[in-house]
2 protein chains.
Amino acid sequence: MTEGDIASHPLGIVQTQSVELFTERPLVLANGESLGPITVAYETYGELNEARDNGVYICHALTGDAHAAGWHGGDKHPGWWDNLIGPGKPVDTRKWFVVCSNLLGGCQGTTGPSSTNPATGDPWGLDFPLLDISDFVEVHRELARHLDVRRWHAVVGGSMGGMQALDWSMRYPQDMCNAAVIASTSRLTAQNIAFSAVGREAIMRDESFHDGHFAVRGENPDVGLTIARMMAHITYTSEEGFDEKFGRRPQYGASNRGFGVDFAVESYLEHQGEAFLSRFDALSYLYLTRVMDYFDPFGRDDALDLVRQHPVSYLVASFDTDWRFSTEHSRRLVRQLEGAGLPVTFRDFRSPWGHDSFLLEVPAYHETVRAFLECESATHPHAHSMREASR
Amino acid sequence: MTEGDIASHPLGIVQTQSVELFTERPLVLANGESLGPITVAYETYGELNEARDNGVYICHALTGDAHAAGWHGGDKHPGWWDNLIGPGKPVDTRKWFVVCSNLLGGCQGTTGPSSTNPATGDPWGLDFPLLDISDFVEVHRELARHLDVRRWHAVVGGSMGGMQALDWSMRYPQDMCNAAVIASTSRLTAQNIAFSAVGREAIMRDESFHDGHFAVRGENPDVGLTIARMMAHITYTSEEGFDEKFGRRPQYGASNRGFGVDFAVESYLEHQGEAFLSRFDALSYLYLTRVMDYFDPFGRDDALDLVRQHPVSYLVASFDTDWRFSTEHSRRLVRQLEGAGLPVTFRDFRSPWGHDSFLLEVPAYHETVRAFLECESATHPHAHSMREASR
């Protein structure tokens, strides 16, 4: 079997599993409220070794789910990070026991605002508690206990997934050897917040939103959610990527002017908006975007105390056309971590596809993730060798 | 009187005037349809000289109007470009006869899609003909004939206003000596089109839009128009400008988390969206954004033939944090014009405020506009001296 064959070798059919966590005592959330039991949807690929230390936790981004890799029977596409995860792939499932779970507050099998509120028997709606990235981390840790993973070889995430990897590494550094924070940030800018705010406004002012109680009426704020997704999608790609893919190409022909889908880029965006409706929930969109707005792990004075005592090795990766979380976000994060004496490998990758590059097969990026995971030691010498390798 | 006094000297109270044009024969639009008569709202400042050649035509951007400078009685703010136009200001009304008109398709006094369709007695709605930048130019020229201006000393515009100045200069170069194209472009990118497309989608999918016939029902697609404006406004400022102005500052206090206006930037955007409703029309928003999508004056093979025969002197100006029409747009335009042997002065100004910088008092920018207008000759030697001055 050549390297190429191995790299394209798929995981095959996988299944999403489900577990009830926090059944005996509820989770106390960052805002002080309690929540439990919490259903968590997750998938695993590969096998946990005897030492129970070969786990790689994959944290998903805003609209991701537990189905990171492999195929669900009947689907046209594999999991959302299938190009990265699998036998012979950068996150090699022949070596690593890979876990991915749907986030608390999500809508793909894990408890969220559209789940049933046991107190009323109806969907929670806006009565669902406000969440924090640290709440996601607590649920991930509880799942780790359930799966009997002793220590994570690495926690890996892109975008909001990177926020979880970062937060987890700072709160519980002893849980992991390595953390990969990809196309992410330690703090949203006003512009980042502004884009999310407009998306939320579109959802909440949709006539079918009904203060979040749309499900019991059999309605859905489809227009608002579509608009939010179309707008957000522009921020996930780049001007360069859009130009390369669509330019000013008409969709049907120049003679057909009007206010419909005149340009190919309009058709693409409309498709993105429509497709999103079938897989995402408006309330989860509100809750998860708001979590990002407030994320600011270096805001605490003692933020780095624990990780200084139990150093985690970091990979911080950015993409040069990402303007959602630009390279400058990653540079700032690197300065913050290196300022605390932590080992950090930083790479900025050339890719025309903007923020979404973290989901795509950018060869240098994939090679770096592979090398980062396969370094023998997770402490300082490891980071040193990575730096050498990336020159 | 010192320079400072002169610069702050206001125009005083001004009034919008109105004229019926194309009364004897209609305007044949770029798409072949005929439209007329056309009511045009306009303002003038300063006086036309005997040679009738000291006129400066101001072309407004997407959401502008005829009220460029001076004060309307009772208003809290002067005209939208009052910092640039007035006695002693860069566009000095002691020297120049300044004209600004509301665009065809607009909603501030000039005929547009919410005007009455004479064939039905109801507002035109989406039956209003599709427009082109060249249609705006034809109406500007008809107003020039009405005002008896022989030749424009300059045509000046920012953003979509710059598109008009550019198009006019290429179609009828003998009409003017100089053209200032500020924070503008000769062609939208796919990303530019995408943002406009999402704004239009928000308007047209608003439940109150009723296929454009909302006025006869006494309704208005306020939600859609608000969302469109909020989103567009993000593209008019810059990440740097937002950070400087708002950063992550909470609006009411950190203890008040929810899905309302938590951050100051959200309050600002909401205000922008609300304020827009009182001064802009959803149908004009559709028509005028679509005009921009299709603007591509260099798309014709003979595009530069006329202006080569009657050279116009150009000022092309951009702002370094403008990402709506970035400096690269202006650079491409400069290459296109210089490639045809035309005199071009190009300046890229430092300003943190993004695209909206063209509306703000950026000193180096204002000095350049003043110098550009006050150069004695409008042909090649003039441009040469401008280049010297800007070193």
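**Stop 1: a salt bridge**

Select A:E274 and B:R205: they form a salt bridge, with their closest N and O atoms 3.5 Å apart. (A salt bridge here is a side-chain nitrogen of Lys or Arg within 4 Å of a carboxyl oxygen of Asp or Glu.) Between chain B and chain A, the count is eight salt bridges.

This is a predicted model, in which local features need pLDDT of at least 70 and side-chain atom pairs count only at pLDDT 80 or more, while totals for chains, interfaces and linings use all residues. Residues are numbered from 1 along each chain as its sequence is written, chains are lettered from A and ligands numbered from 1 in the order in which they are written, and side-chain values use heavy atoms, leaving out hydrogens and water.

**Stop 2: the interface**

Now show both chains. Chain A gives 54 residues to the contact and chain B gives 54 residues (contact means heavy atoms within 4.5 Å). Together they bury about 4,900 Å², 63% of it on carbon and sulfur atoms; buried area is the accessible area (1.4 Å probe) that two parts lose on being put together, summed over both.

**Stop 3: two helices**

Finally, select residues 190–204 (helix α4) and 222–236 (helix α5) of chain A. (Helices are DSSP runs of H or I, at least four residues, numbered from the N terminus.) Look for A:F195 and A:V198 in α4(A), among the residues that meet α5(A), where A:L225 and A:M231 are among the partners.

Conventions:
Axes fitted to C-alpha atoms, helices over the stretch in contact; angles between N-to-C directions.
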